[in-house]
Amino acid sequence: MSSTSALILVLVLVSGTTVLGLFWRSRQGRPIVVNPAAPEALGVPDALTPADVSSRVPFGANATLVQFSTSHCARCPGTQVLLAGLARSRPGVAHLDVDLTHRRDLANRFGILQTPTTLILDGTGQVRARIGGVPNRAGVLRQLDDLTGSSHAQFAR
Amino acid sequence: MPSSPAEPRPQPSARRARPDRPDLDPRGPRFGAAITAVLLLVVVFLSLTGASVAAFVLLTILAALFAWGAFAGAGRHPYGVLFKTVVRPRLGPPTALEKAAPPTFAQGVGLLVTVTGVVLGLAGLTPAVGVAAGVAFVAAFLNAVFDYCLGCQLYLLLVRAGILGRGPTPLAGS
């Protein structure tokens with residue numbers, strides 16, 4: 001192959017990977033709202049309990065952020081800090097971090113394909129939204145404000 | 001705000017208790033991935049232009065570098081050392097540190113892909129050198145440019161397949 005066509009193929013590889021990366025990034029961190037009529041789409045029962053995720057931490061009265069992590073996840077500790085802070089900024093919101101490293105059953109049950117993945121539950125434990133990747137701060141706050149019925153604009157940043 | 005105060009992990013992992021590799025500046029592995037991506041692209045170019053010996057030699061060197069990172073830890077990789085001594089003093093302090101295990105696992109993934117190319121190349125299947133370099137390039141480029149962590153994804157899939165994370169002691173960055 002001539003150097004010119006090889007160079008063109010290399011450029012195609014670079015631009016193709018860039019498009020892939022942009023596509024991936026556009027889908028990261030956005031809460032996908034779960035249709036309340038079809039929670040089975042997530043493979044989860046109508047409402048979760050702390051026992052479902054082997055948690056000793058009780059769920060929040062208004063909402064719960066259930067984060068799934070593994071020990072080999074570079075972005076999970078940062079997500080942990082972010083979500084714990086967001087949970088503290090709203091009343092009755094709990095955050096719990098579930099380590100899937102030894103919980104293949106939980107990973108399969110919730111169909112987790114990447115870590116971190118976060119489920120946003122309402123006060124009854126029903127899954128309301130799902131976030132793949134490092135959560136978008138504003139998106140999580142919007143969901144929490146819906147669930148807690150508040151709009152603490154002063155906390156929005 | 002009666003949310004749970006300390007948020008203890010429901011399953012405290014045994015990994016936390018043992019002496020770990022020191023935490024890393026997360027920009028270090030991305031800096032290394034950028035160099036690796038450029039070199040992998042050179043392998044692809046050499047392979048396409050028919051310079052198969054040069055492509056093979058360079059991919060073998062890259063596989064050895066991946067092995068270094070995978071076995072000695074991402075922090076002791078030559079690019080990691082280069083980052084610490086030359087690049088990091090010129091940057092501001094990192095906003096947060098990250099565990100060495102994920103990038104070390106990623107080095108293992110890179111090792112697997114490049115060694116496959118080297119072995120197939122040795123077996124006479126010369127195009128495999130370029131293909132393996134292309135595959136590894138995609139992962140390294142996404143890591144460097146978009147902060148995409150392929151290892152995080154793969155590790156979870158291996159857990160789900162029941163290959164990793166079964167026993168009481170986790171595989172700490174092999």
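Select A55(B), F56(B) and L59(B) in α2(B): these residues meet V129(B), A132(B) and A133(B) of α5(B). Sorted by class, this contact of α2(B) with α5(B) has 6 nonpolar residues, no polar ones and no charged ones. Everything on this tour belongs to a predicted model.

Now show α2(B) and α5(B) as helices. Their axes come within 9 Å and cross at roughly 45°. The crossing in which α2(B) passes α5(B) is left-handed.

**Next: α2(B) against α4(B)**

How far apart are the axes of α2(B) and α4(B), and at what angle do they pack? The axes are 8 Å apart and the angle is about 150°. The cut-off for roughly antiparallel is over 145 degrees, which is why α2(B) counts as roughly antiparallel to α4(B). Here too, α2(B) passes α4(B) in a left-handed crossing.

To see the contact, select from α2(B) residues including F56(B), L59(B), A63(B), F66(B) and A70(B). From α4(B), select residues including T104(B), Q107(B), G108(B), L111(B), V115(B) and V118(B). The contact of α2(B) with α4(B) holds 12 nonpolar and 9 polar residues, with no charged residue. F56(B) and L59(B) take part in this contact and also in the contact with α5(B).

**Next: the second largest cavity**

Select T36(B), L62(B), L65(B), F66(B), H77(B), Y79(B) and Q107(B), which line the second largest cavity. The space inside is about 30 Å³. α2(B) gives the most to this lining, with 3 residues. By class, the lining has 4 nonpolar residues, 3 polar residues and no charged ones. Over the whole structure, a search finds 2 cavities of 30 Å³ or more.

**Next: the largest pocket**

Stay in chain B and select P29(B), A74(B), P103(B), Q107(B) and N143(B). Of the 45 residues that line the largest pocket, these lie nearest its centre. Helices α1 (27-48), α2 (52-72), α3 (78-87), α4 (101-122), α5 (127-146) and α6 (150-160) of chain B are the elements that each give two or more residues to the lining. Which of them gives the most to the lining? That is α4(B), with 7 residues. The pocket contains about 740 Å³ of space. Its lining divides into 25 nonpolar, 11 polar and 9 charged residues.

**Next: a helix pair in chain A**

Move to chain A and select residues 76-88, helix α2(A), together with residues 137-148, helix α4(A). These helices pack at an angle of about 35°, with their axes 11 Å apart. The crossing of α2(A) and α4(A) is right-handed. Show the side chains of L82(A), L83(A) and L86(A) on α2(A), then R137(A), V140(A), L141(A) and L144(A) on α4(A); these make the contact. By class the contact has 6 nonpolar residues, no polar residue and 1 charged residue.

Most residues other than glycine have a negative phi, and most peptide bonds are trans. Select S54(A), in the loop between β1 (32-33) and β2 (63-69) of chain A. The phi of S54(A) is positive, near 50°.

Then select T115(A) and P116(A). A cis peptide bond joins them, with omega about -5°. P116(A) is found in the loop between α3 (104-109) and β4 (117-122) of chain A.

How values were computed:
Residues numbered from 1 in each chain as written. Chains lettered and ligands numbered in written order. Predicted model: local features only at pLDDT ≥ 70, side-chain atom pairs only at ≥ 80, totals over all residues. Heavy atoms only, no water. 1 Å grid on protein atoms, 1.4 Å probe; cavity = no way out; pocket = protein on both sides within 12 Å on 5 of 7 lines; lining within 4 Å. Points joined across faces, edges and corners; volume = space filled by probe spheres on them. Helix = DSSP H or I, 4+ residues; strand = E, 2+ residues; numbered from the N terminus. Nonpolar A, V, L, I, M, F, W, Y, C, P; charged D, E, K, R; others polar. Axes fitted to C-alpha atoms, helices over the stretch in contact; angles between N-to-C directions. Left-handed = near helix turned anticlockwise from the far one by under 90°. Contact = heavy atoms within 4.5 Å. Parallel < 35°, antiparallel > 145°, perpendicular 65-115°, else oblique.
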